Every structure is written in structure tokens, then in C-alpha cells.
Amino acid sequence: MRKNFGAKPFTYPQPVFIIAAYDEDGVPDAMNAAWGGISDDTRLSMCLSPEHKTVKNILARGAFTVSMADAAHVTACDYVGIESGNDVPDKFAKAGFHASKAEFVDAPLIDELPMAVECKLVSYDKESCCMIGEIINVSADESILDQNGKIDPSKFDPIIFDPVNNAYLKVGEKAGNAFKDGFALK
């Protein structure tokens, strides 16, 4: 038997994205966003309301970074989601974040978060709050790479958002092999 919850934004997993952009003075700003994901091979889509300072900064600069939140920085990542840059102009620094300029777009990388996607703004619709970014580059700190130079989730320790219980969860252990295990049923 199933229980019906109605129309809710309940999907698993929901990534915890930390979106960052520079303001008009070159000061970095960041926000937490869980409603987003890959749209196609070179695009990310997110639902971001136009009132966010970070959204205003992205619209003005045409670029942003999307860092994946990790367990080591859950407090700072939650803070940039519950505090508004419209009210606290130094919330990026107050979170304990430090910025380096992204190599491929005019946006900040968050030094403390070891993986980021650099994006150029493709479009933004204020009615639907849908922002689409073109992926220009993905970068990862060497500390989260395995011996073959690939990102190792166990070294990275990314978190996901649990929308039902308002919690952040750690990504678990390997469950199978993508594009391989299903062949057993062919």
C-alpha cells in the first residue's frame, strides 16, 4: 500500500548546490539551491527566485559557479541558504568562505568546496524562476581525486537535501555499476 502526499517537491536525491556570483563591486555572494540539475550534456537548470541577490548578480554579470556542498562545510552551506545577501552584504565571508576567480567565467570559485561547475548564463525566466546555465568547465581540487585522476565521492563526501525531513544527508556507498549491471537482464 502506498501513501499519497499530493503535489510536493519530493525527489531523491536532491543536490545541494551553492551558487556563487560577483556583485557590481566584485564582491562574491553565494546562495544554497536544491531545486536543480543537469538539463543536457552542457546545461544546468535551476529554480531560483528573482529576489535573491545572487540571482540579481548573475543577471548583471552573465556568469556563475555551482559548487557541490560537502559534509565538512554543511553549516556554512546551510547559512548561505538561510541568510539573505540583500540583508547581510558580507554573508559570503561570514560563512567562512574564501573566493578565487574562476578560470573560464566571470564568477567566484568557493575555495572551501572542492568541486564546482563554471557556467555562463543562457536564460532566466522570472515567471517560472527557471535559470539555465551553459557548463563551460568543471573543476575539482586534487584532494578529491583518485589515483586515476577521477573524482572520488568518498574523498569528496557530497551531501544531498532530504526535502521530506528538511535534512542534509551524506551520499552512501556504491550500489552498482552504471551502464553495466542491467546487461544481466538482456
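User: Asp-23 first. Is that residue buried or exposed?
Analyst: Asp-23 is buried, with a relative accessible area of 6%. Bear in mind that this is a predicted model.

User: Where does Asp-23 sit in the chain?
Analyst: Asp-23 is in the loop that runs between strand E2 (17–22) and strand E3 (28–33).

User: Which side chain does the Asp-23 side chain make a polar contact with?
Analyst: That of Lys-53, at 3.5 Å. Leaving out residues up to four places away in sequence, Asp-23 touches Lys-53, Asn-57 and Arg-61.

User: What in helix H1 is buried?
Analyst: Helix H1 covers residues 53–61, and its buried residues are Lys-53, Thr-54, Val-55, Asn-57 and Ile-58.

User: Take Thr-54. What does Thr-54 touch?
Analyst: Thr-54 belongs to helix H1. Not counting residues up to four places away in sequence, Thr-54 touches Ile-19, Ala-21, Asp-29, Ala-30 and Met-31. Its relative accessible area is 2%, so Thr-54 counts as buried, the cut-off being under 20%.

User: What comes just after H1?
Analyst: Gly-62, which takes a positive phi of about 75°.

User: Which other residues have a positive phi without being glycine?
Analyst: Cys-129 is one of them, with phi near 65°. Asn-166 is another, with a positive phi of about 50°.

User: Where are Cys-129 and Asn-166?
Analyst: Cys-129 lies in the loop between E9 and E10. Asn-166 lies in the loop between strand E11 (159–162) and strand E12 (167–170).

User: Buried or exposed, for Cys-129 and Asn-166?
Analyst: Cys-129 is buried, with a relative accessible area of 16%. Asn-166 is exposed, with a relative accessible area of 64%.

User: Back to E9. What does Ser-123 touch?
Analyst: Ser-123 is in strand E9. Ser-123 touches Cys-130, Met-131 and Ile-132, not counting residues up to four places away in sequence. At 30% relative accessibility, Ser-123 counts as partly exposed.

User: And how far is Ser-123 from Cys-47?
Analyst: The two are 12 Å apart in space, C-alpha to C-alpha, and 76 residues apart in sequence.

User: Where is there a cis peptide bond?
Analyst: A cis peptide bond joins Tyr-12 and Pro-13, with omega of about -10°. Pro-13 is in the segment before strand E1 (14–15).

User: Now the whole chain. How many helices and strands?
Analyst: Four helices and twelve strands.

User: What about the radius of gyration?
Analyst: The chain has 17 Å. A compact globule of 186 residues would have a radius of gyration near 16 Å, so the value agrees with that.

User: What box do the C-alpha atoms fill?
Analyst: Roughly 55 × 45 × 30 Å, taken along the principal axes.

User: How much of the chain counts as buried, and what about the accessible surface?
Analyst: Of the 186 residues, 38% count as buried. The accessible surface comes to about 11000 Å², and carbon and sulfur atoms hold 53% of that.

User: Contacts between residues at least 6 apart in sequence: how many join residues at least 24 apart?
Analyst: 58% of those contacts do.

User: Last one, charges. How many positive and negative side chains?
Analyst: There are 18 positive and 28 negative side chains in the chain. The centres of the two sets lie 7 Å apart.

Key
Residues are numbered from 1 along each chain as its sequence is written. This is a predicted model: local features need pLDDT of at least 70, side-chain atom pairs count only at pLDDT 80 or more; totals for chains, interfaces and linings use all residues. Side-chain values use heavy atoms; hydrogens and water are left out. Helices (H or I, at least four residues) and strands (E, at least two) are DSSP runs, numbered from the N terminus. The radius of gyration is taken over C-alpha atoms; the globule rule is 2.2 Å times the number of residues to the power 0.38. Buried means under 20% relative accessible area, exposed over 50%, partly exposed in between (1.4 Å probe, protein chains only). Contact means heavy atoms within 4.5 Å. Accessible areas come from the Shrake-Rupley method with a 1.4 Å probe; for residues, only the protein chains shown count as cover. Lys and Arg count as positive and Asp and Glu as negative; His and the chain ends are not counted. The place of a charge is taken as NZ of Lys, CZ of Arg, CG of Asp or CD of Glu. A polar contact is a pair of N or O atoms within 3.5 Å; within protein, one must be able to donate a hydrogen and the other to accept it, and residues adjacent in sequence count only if both atoms are side-chain atoms.
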